[in-house]
Structure formats: C-alpha cells, structure tokens
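Work through the exercises below with the coordinates open. Each task is followed by a solution in steps.

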Amino acid sequence: MVRVELKHVTRKYQAATEVSEEDAKRPALDDVNMVIEDGSIVSIVGPSGCGKSTLLKTIAGLEYADSGQILYNQVDVTQIEPGQRGVGMVFQDYALYPTMKGKGNLHYYFEVHQRTEAEMEQRTREIAQIMGVGFDLLIGQKTDTLSGGEQQRVAIGRCIVRDPYVFLMDEPISNLDAKLRERTRIEIKKMLRKFKVTTVYVTHDQQEAIFMGDRIAVMRKGKVEQYGTFDDLYFTPANLFVATFIGTPPMSVMPVVVAGGRLMIEQSGWTLPAEIAAALSGRSQVRLGMRAEGWNIDTPDGIPMEVRYIERIPTEQAAFAHGTLGGVSVTVIIPLDHPDVPTLRVIPKWDQAYFFDATAETALRTPGVPELF
Ligand code: ADP
C-alpha cells in the first residue's frame, strides 16, 4: 500500500511548433502539490490540454519532473525508472495482445518474469474470483473477439495481476458508448474498492470524476485549481472556474450591483439578508453564482426571469426552466407539473448563493458544506 505525494512538481515540454506563444511559455505542470492517501481513489479532471496525462505519466515515471519531488511512502522516487516504481497503467486504448486469449494477457507478465506455472495459475484464479461474475469466461476468449467493455475488464485484470503499488488510469473508458461506459465505471469502482490499491484516475468528464474519486483534483493550464472531496468543490469552490466546472447543469453567473442592502440586476433588485450585505460591504459590483436548485420561484418579491424553454425530466420528478435574467442565461429547477409560463419570478435561496469578485475569479462567499447531522 502506498501514499503518493507530489511536492512542487513542474514539467515543461519543448514547445511544439504548432502551439500558440502563450501555450509554448506555459509549463504542462506548474507547481503541483498533492497528497494521494494510501488506498484512496483520486480523480484528475479538467479540460483537454490542462496537464492531466502529464501528471499521470510523471507519477508513473514515464515523464520526469523538471523540478519538485514525487514520494511513494515518503521515499523520493523522482529519479526512479518506471519499471522500478511498481505502477500499473490502463490507457484509453487498452492495448491487449490481440491474438492471445484474455488469459494469455494475464499470464504474459509471469512468463516474461519467469515465474512458475503454478504461481501464474493461482494468481489468475484469485484475480478471476475477485473480478467477479463472467471474468473466467472472458479470459477464455481471444481478446479481439471481446467487446470494448470486456477488453477493458481484461486490461484492468492484467494490470491488477501484477499487484501494483499504484494504479494509474488515463481515460480508461472514454472509447466506450454511453451505456457501456456507465456499466463499466461501476465495475471498475467495485474492483478498486475490493483491491484497495491507491489509484489515480484521469478523465475529462466531471461526472465520471465525481463518481470514481474519493477526492477530485480540478486542473487548468498546468495548475491544480482545487483538490478536495466533491462536497468541498461543490459547496466551497475556490474560484469561478471550479464553481462552473463542477455541477450539472452548470452554475449560472450574473453580474450584479450591491446598493443600499439590495442586490440589483439591471433595474430590479432583491433585498439582501443582513449577514450577506455585511459580507459584501465595501463592494459595489460582484458576480452572483446560482445553481439550478438554489432558487425560490413564484414569489411576489422575485425578479422576472424570461423562460425560453422547459425541459421536463420525469425520472427526476422535476423540470429545468432555461431562460435569461438580466440578459444572462439562467437555469432553474421547477416542479415537474409546473405549467408552461413565459416568465417566472425568482429569488435566490440566500444560503445557496455564491459570490465572486466582479473581475477576478476569486470566490468571496460560498454556501459552505452543509451539515447533515
Ligand atoms: P491533458 O491530458 O489534460 O489533455 P496533457 O498532459 O496531454 O493534457 O498536455 C498538457 C500540455 O502539454 C498541452 O499543452 C500539450 O500540448 C503539451 N504536451 C503534452 N505532451 C507533450 C509532448 N510530448 N511534447 C510537447 N508538448 C506536450
């Protein structure tokens, strides 16, 4: 079992000729600090090109940090070869040996390392047992006859058979269609729970990141913008980028004016609770961030929101009203049976309102993680 720690890790590639000047100057990893606790699953998420794969490869030793340190259980492995680090990796294209049966893929490692037949069989049986229903059948078939999801299960099995200290997965299921992706991610999570191997899971999909990770690192332009549990990111985002990246539908963000204890959107306004007015005192312009579930609707003191369309979601017993408020796109949850209306009077539930600086991305006030007990 391994606790992985990254200390001030920076990595800058030789600039490729086709990238913009800004991209060429920026390191792929920029002073990344992170502790991945023993046996935990950490998701790395962020837009394409933000440095996710580079981070994973640096943990594996396939890329070297220009500065900073990587520690496995307090031991500095920064200069250690990938083969010596005991990592298992699964990539987007599973790269199984296609002409071998699944079992051959699992055995290959033992053959290369000249282990005994008995050890190989024993370990494969153990893995098949843990991997669950049907795995035995899967590894009896040639891998090029397996579906994408099945191949990925074998690839993960092949990885686990080696008893890695650290398991690194880079977009392992993004090649699969939506339905299979959902099923496979549940299986992967179940497996990871059983094996309790420290895992870093890279994805560009925030929902997958939330589902897989005990903790989530949100990256942008080589930096970790915030690292925490889903609740930390959702209720106490460090900045506007994290706030709008995490959550579906995305948070609506409106420029507003603070004046005389009121929050004004164009000519209309809401009266602020004293506590929020005090927290914002000294500021005349801020940005208000609201999630779809954060509104009271149909209240007389609400500001009219123009409704463009209503998206009913029977499985959720709710509907989304999409529209505009003060010219800004806003989405609000309403009851499933709410009639179609051209406008809705809306007012924030103030304990679910987020405030950001008017120009910088800094969060000024966030709801905080709710107490459940
Ligand atoms: P992500 O996995 O988030 O899409 P990457 O880690 O692949 O991001 O890339 C981060 C940045 O580093 C990007 O700007 C990318 O163009 C650049 N990059 C990645 N690999 C190389 C490489 N081998 N040579 C030069 N630049 C690279």
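**Exercise 1. The ligand site**

Task: In this predicted model, determine how far a backbone N or O atom of Gly-51 lies from an oxygen atom of the ligand, then describe the residues around the ligand.

Solution.
- Step 1. The separation between a backbone N or O atom of Gly-51 and a ligand oxygen atom is 3.0 Å.
- Step 2. For Cys-50, a polar backbone atom is 3.1 Å from an oxygen atom of the ligand.
- Step 3. Thr-54 uses its side chain: a polar atom there lies 2.5 Å from a ligand oxygen atom.
- Step 4. The ligand taken alone exposes 560 Å², and the protein buries 64% of that.
- Step 5. The residues around the ligand include Cys-50, Gly-51 and Thr-54, along with Tyr-13, Gln-14, Ala-28, Pro-47, Ser-48, Gly-49, Lys-52 and Ser-53.

**Exercise 2. A sheet and its helix**

Task: Give the strand order of the open sheet formed by 4 strands, and state which strands helix H2 touches.

Solution.
- Step 1. The order is S2-S1-S4-S5, with antiparallel pairing.
- Step 2. Strands S2 (29–36) and S5 (75–76) are the edge strands, each pairing on one side only.
- Step 3. Helix H2 (residues 52–60) packs on this sheet and touches S1, S2 and strand S4 (67–72). The direction of H2 makes about 60 degrees with that of S2.
- Step 4. Strand S1 (residues 4–11) is joined to S2 by 5 bridges. Within this antiparallel pair, Arg-11 has Leu-29 of S2 as its bridge partner.

**Exercise 3. Ser-252**

Task: Decide whether Ser-252 is buried or exposed, and identify its contacts beyond four places in sequence.

Solution.
- Step 1. Locate the residue: Ser-252 belongs to strand S11 (residues 252–259).
- Step 2. The relative accessibility of Ser-252 is 4%. The cut-off for buried is under 20%, so Ser-252 counts as buried.
- Step 3. With neighbours within four places left aside, Ser-252 contacts Leu-288, Gly-289, Met-290, Ser-329, Val-330 and Thr-331.
- Step 4. For Thr-331, the backbone nitrogen is 3.3 Å from a polar side-chain atom of Ser-252.

**Exercise 4. The whole chain**

Task: Summarise the chain by its helices and strands, its buried residues and its accessible surface.

Solution.
- Step 1. There are 12 helices and 21 strands in the chain.
- Step 2. Of the 373 residues, 47% are buried.
- Step 3. The accessible surface is about 18300 Å², and carbon and sulfur atoms account for 50% of that surface.
- Step 4. Taking contacts between residues at least 6 apart in sequence, 66% join residues at least 24 apart.

How values were computed: Residues numbered from 1 in each chain as written. Predicted model: local features only at pLDDT ≥ 70, side-chain atom pairs only at ≥ 80, totals over all residues. Heavy atoms only, no water. Pairing = 2+ DSSP bridges. Helix = DSSP H or I, 4+ residues; strand = E, 2+ residues; numbered from the N terminus. Contact = heavy atoms within 4.5 Å. Axes fitted to C-alpha atoms, helices over the stretch in contact; angles between N-to-C directions. Buried < 20%, exposed > 50% of the residue type's maximum accessible area, 1.4 Å probe, protein only. Polar contact = N/O pair within 3.5 Å; in protein donor to acceptor, adjacent residues only side chain to side chain. Near = heavy atom within 4 Å. Areas by Shrake-Rupley, 256 points an atom, 1.4 Å probe, with all protein chains shown as cover.
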